[in-house]
Amino acid sequence: MALISDTDLRAAIRSIPDYPKPGIVFRDITTLLGNARAFRRTVDELVQPWAGMKIDKVAGIEARGFILGGAVAHQVSAGFVPIRKKGKLPHATVRIAYSLEYGLDEMEMHEDAVSKGERVVLVDDLIATGGTAEGAVKLLRQLGAEVLAACFVIDLPDLGGADKLRRLDVPVRTLISFEGH
Ligand code: AMP
């Protein structure tokens, strides 16, 4: 399969203005996922700096982080751990509140999903304000995980999320950035 260029990877993302509300440009990765070359390149590139290192688990954030994180976990021969909205996981959980643009929500992991000292890479499709990823990092650390890195296809740098994670000592990998919200 031929390599896809950076320009084509960017073009594989569909941008939908004023969704889900006026002023927001929704970055839709379903078009990227549906493009075999773009999907493969994305998965390869996301963990490229950590290729060859021991990774015990990949943690994906519901729901688009499950699709990408599952493929990444397979690629690096790691286990996969889902981080979900509250009330979805059937076994005993740990929970954390995190900030959204308006208000708070809560996310959960199974308390036995990672063990103390395990090396974990966090995956989601996009980082905006970083509230979601910050909550996920805190949950993973609460269970004693070592968060090796957080990887996102898309960065919205004007919203400061990647910098917020770096201030928590998490190396951040993003593939494509878009200006604005
Ligand atoms: P944040 O917590 O502000 O970093 O928001 C990140 C989460 O919200 C990710 O799970 C994204 O999937 C979603 N998200 C935020 N902004 C957008 C956007 N413009 N387009 C698509 N998804 C977004």
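**Around the ligand**

The shell around the ligand is made up of six nonpolar, four polar and four charged residues (Ala, Val, Leu, Ile, Met, Phe, Trp, Tyr, Cys and Pro count as nonpolar, Asp, Glu, Lys and Arg as charged, and the others, Gly among them, as polar). Keep in mind that this is a predicted model, where local features need pLDDT of at least 70 and side-chain atom pairs pLDDT 80 or more, while totals for chains, interfaces and linings use all residues. Residues are numbered from 1 along each chain as its sequence is written, and side-chain values use heavy atoms, leaving out hydrogens and water.

In total, 14 residues surround the ligand, each with a heavy atom within 4 Å of it. Asp124, Asp125, Thr129, Gly130 and Thr132 are the closest. Strand β7 (119–127) is among the elements giving two or more residues to this shell, together with β2 (25–28) and α5 (131–142); β7 contributes the most, four residues.

Which atoms of Asp124 and the ligand lie 2.8 Å apart? They are a polar side-chain atom of Asp124 and an oxygen atom of the ligand. A polar backbone atom of Gly130 is 2.7 Å from a ligand oxygen, and one of Val25 is 3.0 Å from a ligand nitrogen.

Now turn to Glu108, in strand β6 (residues 104–110). Glu108 counts as buried because its relative accessibility is 3%, and buried means under 20% relative accessible area (1.4 Å probe, protein chains only). Its side chain reaches the backbone nitrogen of Gly87 at 3.2 Å.

Notes: Polar contact = N/O pair within 3.5 Å; in protein donor to acceptor, adjacent residues only side chain to side chain. Buried < 20%, exposed > 50% of the residue type's maximum accessible area, 1.4 Å probe, protein only.
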